[in-house]
Amino acid sequence: MGDVVKDLTAGTVGGAANLFVGHPFDTIKVKLQSQPTPAPGQLPKYAGAMDAVKQTISAEGPRGLYKGMGAPLATVAAFNALLFTVRGQMEAVLRSEPGAPLTVGQQVVAGAGAGVAVSFLACPTELIKCRLQAQSSLAEAAPASGVVLPKGPIDVAKHVVRDAGARGLFKGLVPTMGREVPGNAVMFGVYEAAKQYLAGGPDTSNLGRGSQILAGGLAGAFFWLSVYPTDVVKSVIQVDDYKNPRYSGSLDALRKIVAADGVKGLFKGFGPAMVRSVPANAATFVAYEITRSTLG
């Protein structure tokens, strides 16, 4: 079995692990990010992460925490397979000789390259997921406006194409790349740095599962620490209305978020994202490493 096939398979397993562990946290993050700024004297829809969890379960049951999972689940194989395969191929290019370990800097470059590749798949997937996750807020206005909300990922995609054409599925591509490129550069760099530190040197082949879990969790945390405001901008653009948009682009969204909520507005949902990042990314890397080593 070639390295590309091994990376494709291991990346798929790692992505599935990430999704099942992390999706409920991601749902709460998007709900907090996309809730409208309350009018003066009024309270926001959600008082915080725990309130969003309670309201979601009360209105939709526990399944509401997994709303929108169909879109990423349908593409998780392609997304993570592409991420780890491109990273693996870049490792092969950057490696000084076959089998030689990569430096942390080389892993940063490999991660950035993988981030470019996955952005084009992540953008439409994230758009569909975010629009489904934010539906509870949109539903309050729907009866008055006569708007019929889509019922699932395919329905969302149909509504988007109807309103904006196929290009509408790539709304938010710029902030998506602004998240994926530096985020994956940092994530793979931190993962390698943590592994080498825990192993006491560049050879990390005998690192235990506990150390891999720690390194993966740290890598995921640093991903979000490095790009979270960009993710907020991406989310508000992707749930914005196509016919009467509030934002003309990424910079306009950034300005309006800061004007309405201050800098703290760029960190809405930060708590759930950070809580999610550690177990979800630990699961991703460990599942990837186990699968990759099993395949040889």
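1. The structure is a predicted model, in which local features need pLDDT of at least 70, side-chain atom pairs count only at pLDDT 80 or more, and totals for chains, interfaces and linings use all residues. Residues are numbered from 1 along each chain as its sequence is written, and side-chain values use heavy atoms, without hydrogens and water.

2. The mean pLDDT (the predictor's confidence in each residue, from 0 to 100) is 89 for the protein, and 94% of the residues score at least 70. Helices are DSSP runs of H or I with at least four residues, strands are E runs of at least two, and both are numbered from the N terminus.

3. A cavity is a set of points, on a 1 Å grid over the protein atoms alone, where a 1.4 Å probe fits but cannot get out; lining residues have an atom within 4 Å of a point. Of its 28 lining residues, Asn-18, Phe-79, Glu-126, Arg-179 and Arg-276 lie nearest the centre. Helix α3 gives the most to this lining, seven residues.

4. The second largest pocket (an open set with protein on both sides within 12 Å along at least five of seven lines) has a volume of about 830 Å³. Closest to its centre are Glu-91, Arg-95, Lys-195, Glu-289 and Arg-292. Here too α3 supplies the largest share of the lining, with five residues.

Conventions. Grid points are joined across faces, edges and corners, and a volume is the space filled by probe spheres set on the points.
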